[in-house]
Amino acid sequence: MTSLSRELVFLILQFLDEEKFKESVHKLEQESGFFFNIKYFEEEVLNGNWDEVERYLCGFTKVDDNRYSMKIFFEIRKQKYLEALDKQDRAKAVDILVKDLKVFSSFNEELFKEITQLLTLENFRENEQLSKYGETKSARNIMLVELKKLIEANPLFRDKLQFPTLKTSRLRTLINQSLNWQHQLCKNPRPNPDIKTLFVDHNCGQPNGARAPSPAANPLMGAIPKGGGFPALGGHVPFQQATAPVATALAGWMANTAPAPHPAVSAGPIGLGAATSTASLLKRPRTPPNVNTVDYQSADSDHLLKRARAIGQSGDEVSYPGSNHPQPLYSQDDLPKNVARILNQGSTVTSMDFHPVQQAILLVGTNMGDIGLWEVGSQERLAIKNFKVWDLGACTMAMQAALGKDPGVLVNRVMWSPDGSLFGVAYSKHIVHIYTYHGGNDLRQHLEIDAHIGGVNDLAFSNPNKILCIITCGDDKTIKVWNAVSGANQYTFEGHEAPVYSVCPHYKENIQFIFSTALDGKIKAWLYDQMGSRVDYDAPGHWCTTMAYSADGTRLFSCGTSKEGESYLVEWNESEGAIKRTYQGFRKRSMGVVHFDTTRNRFLAAGDEFMIKFWDMDNTSILTTVDADGGLPPSPRLRFNKEGTILAVSTSDNGIKILVNGDGLRLLRTSENRNFDAARVPQDSKLSVVNQIAAANIPAGQTAGGSDRVVSTVSMVGLNGVDSRTIGDKARVVDDPVDKNKNWKPTEVNEPAQCRSIRLTDNLPPSKVSRLIYTNSGVAILALASNAVHKLWKWSRNERNTSGKATTSVSPVLWQPASGILMTNDISDTNPEEAVPCFALSKNDSYVMSASGGKVSLFNMMTFKTMTTFMAPPPAATFLAFHPQDNNIIAIGMEDTTIQIYNVRVDEVKSKLKGHQKRVTGLAFSHVQNVLVSSGADAQLCVWGTDSWERLGSKFLQIPAGRVPSALAETRVQFHQDQMYFLVVHETQIATYETSKLECLKQWVPRESLSAPISYATYSCDSQLIYVSFFDGAVGVFHAASLRLRCRIGPSAYLPQNVSSSVHPLVIAAHPYEPNQFALGLSDGGVQVLEPLESEGKWGTVPPAENGSASNIPSVQTSGIPASEQTPR
């Protein structure tokens, strides 16, 4: 339905309401599904009209749509059941139990049993959880509070809870306008037309020579205001004429309003008690063992797969994640609140920023003008740079005069570029320095820009027109945009009447823009043109204000402090340019300018009153505070890392405290133990950083280095490589590298007692495991067997496994829905044992796309139902991969050597890529480089640009001499966490490649104790390890940077004695959070999960750095792959 048709429904709803057609109003609300009338819903709930409550709800959601919907229906039916018991109406209670509540037994059988047992009690309040249940009216009120929270949090109700603001009798007015227009078109208009019908166009009969007045005053069609209309809750102009994108992009602030935020609400397990209301008379329920472990079907988009309904499965819609996501559910335990490290910077910290990829690397600027680079895990300062003008002669006279008058300079801002290959430093006098970063302590001067007259107050990076730029603002009241390669000035924005304090670049719907704030409190917005400011608003406080978006770019916040010391943290309504909510809890007179940051699309943090204050984005009250064990200044500086697992906070003694949560502590420990001796990529074998940035910025149609097409990204060599010089002098004295190389050997694990292992229980017919993956939440493992059947094992959250994540210490359950159906792929007329199976799991774990030689099937992971099938063979699909930015786009490798770029939503093949000579066996996207890498049974690698789907390059694998691969040996590819390099897996080798030039950097071939052909390999979740399985049952754990073996695991260490010696792993999967856990899919149909001993904590030890080319590595490019510092997903 078009937007105008939708708006017409709202006009009709208003008309019906004004005419008092109450039943018709609610019927249309329910049938259209456009507006959920929460007031009407409240009335029906409080009156106990349960049938009408469910009927009305069903116009917007079904029981099994998502976890919010399930809990809504459960709470309603539970209340209805308890009321029947309270009235001693056992027959009705049994009827409700069987007809209404039994549906939930498949999700929590124990809870259903407990509900059933209430029938045996004289008074259900004898149940401990229901002991405080009051009378009916109060119970309904308590339940209603919970229901409203669930409805507001449910993505399916997004944008359906507010009725647009309409002038009274808007439909009548539009009809009057139409009649007026028709009357003006009359050849002989009468002064007082007699309008008797709307069924045909108006036309005056006999001429009378007079021009008619507007029929707006006609008694028949007059706009007669009536009471009881819909409330005016938001700005809206129906039937607005479309305008150019530039005009709409910043109308108000942004015409494309971000989704309405959802309040914090528990969408956890259904239970006997009302889960979240603090005033609840029901006790908080126990955590059921099998409900909250995998949040399948979370419905994280408004876009539902329409084709599923077209084939008659109206109840099983699946959402495809787009740009708008629901709020993830986090607890306070997810906040980094525990002090783990203390760094001594030596001078007052003025700005901090974590590396976007190596998330334990912290960049720091100080009031003395120096910058420091820290590896926070090891507390090692990798580099320090004091302020110095690189080329004084090139500076303006104003700059030279300012330095001559007062040489003191402080750092106002440090900032990494989006991929971490550059960082910028904005100084308090004129200058901006841009460095290139090559890992470790390797910082190189790149650009020195005499940017502003006076201080440079802020700095940011942006990519207008896919060209990396630097944005600065300063005391000279201007905002400037600079080319990140040449340093040339691209734009200068003038219009502020006071020094510009901060900038915040962003984009929406392909519209790039910049917000700026000035010291007079003015907020302006600029497009990348010379047309001036598009916005002029006042920031609360009217002084120092900074702005920031949530990580997903959907919510805008600002934090400011007035000259009087009053601080304001607010969220903005972009569509109206108005403040949406103001957060409470600041000191009445802050002692300094308050700084803030956002994380996880859910939390805000600000430094005030010698502590860090946290807010939930959806709640204006303080969530919690942390003093970091004391020692903080009145208004501490703070900065989250990208994942929100680490928080850096400045201290009053010129230091930095590193606060972490559980994941952050693991990241620090991992980075602390990393090998900092990884050899960097030889400089002469790669493009320089500047050249690569320049190549990335070449306009389309031009070439660089003879390539047909240049990938439009900042492709940095050695992004994460770390120079061996970063090892301290003490370490070099203690450890003799020659002796280390001579004596070091990989760890051997050959006995069950040397590792932790568990075989997953399985009561289904055995069939070899063809594909294996952990769910993205890390709480389940999904396998696809060669007989086309999927198996799902889920771990429960309990005392032995408090995280609910996959572990070897607790056995999971082979999960199936109550219906008992299996997820079985379409096999058409093919033999599934001979097919090439493939599957891909959605980011929210709610559905899986899969094929086993027949059609591609889409399965609902909650119900196991087949949502739809498509792509009937021939040719058959052989590999599936979701586009990282749009889950509606799927790359499908085919048996006929092509790759089809398929849009699920419109059921259309957008592009067909041709380049392989045999079937496609591997696909991997890089969202950083905007490329797709493919591999095939022809042992060929191809790189495709995702903007135009053109082939950017190809190369055949270097097959080791003397090794003849099988005719259809699979070649697979997987990107490193930094998205710059990728792993290639073939039965003859594992190798690492640089993407833009398809250059092989490292190669390892089976030999010695691992001489059998390779069956599978994958990176660990942090890309520090590579797990490799072999056809003889062995598993090798390799150091990813050097491709040197760390640990060999023999089959006797994990296979039971009663298993045939011919059993071997066919696939291997890495845990998404635990870098030392992996799972094996075996040829006998079994799945084995392995972890190192708790006393060891990791597989083997880091191999020592190599001195030159080791003799056991083939003579290909032997430079190490830079090690990523990125935390596990």
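Phe515 stands opposite Ala525 in β16. Before going on: this is a predicted model, in which local features need pLDDT of at least 70 and side-chain atom pairs count only at pLDDT 80 or more, while totals for chains, interfaces and linings use all residues. Residues are numbered from 1 along each chain as its sequence is written, and side-chain values use heavy atoms, with hydrogens and water left out.

Strands (E, at least two residues) and helices (H or I, at least four) are DSSP runs, numbered from the N terminus. Two strands pair if DSSP finds at least two bridges between them.

Strand β15, residues 511-518, runs antiparallel to β16 and is joined to it by 5 bridges. Their hairpin has 3 residues between the strands, and Gly521 there takes a positive phi near 85°. β16 also pairs with strand β17, residues 535-538, in the antiparallel sense over 4 bridges; Lys524 has Asp536 in β17 as its bridge partner.

Is β16 enclosed or open? Of its 6 residues, 522-527, 5 are buried, so the strand is largely enclosed by the rest of the structure. Buried means under 20% relative accessible area, with a 1.4 Å probe and protein chains only.

Now the cores: sets of buried Ala, Val, Leu, Ile, Met, Phe, Trp, Tyr and Cys residues joined through side-chain atoms within 4.5 Å. The largest has 43 residues, with Phe41, Leu57, Tyr81 and Leu101 making the most contacts inside it. Helix α5 (67-86) is among the elements giving two or more residues, and α5 gives the most, 10 residues. A second, separate core of 38 residues includes Tyr1027 and Val1089.

Key: Buried < 20%, exposed > 50% of the residue type's maximum accessible area, 1.4 Å probe, protein only.
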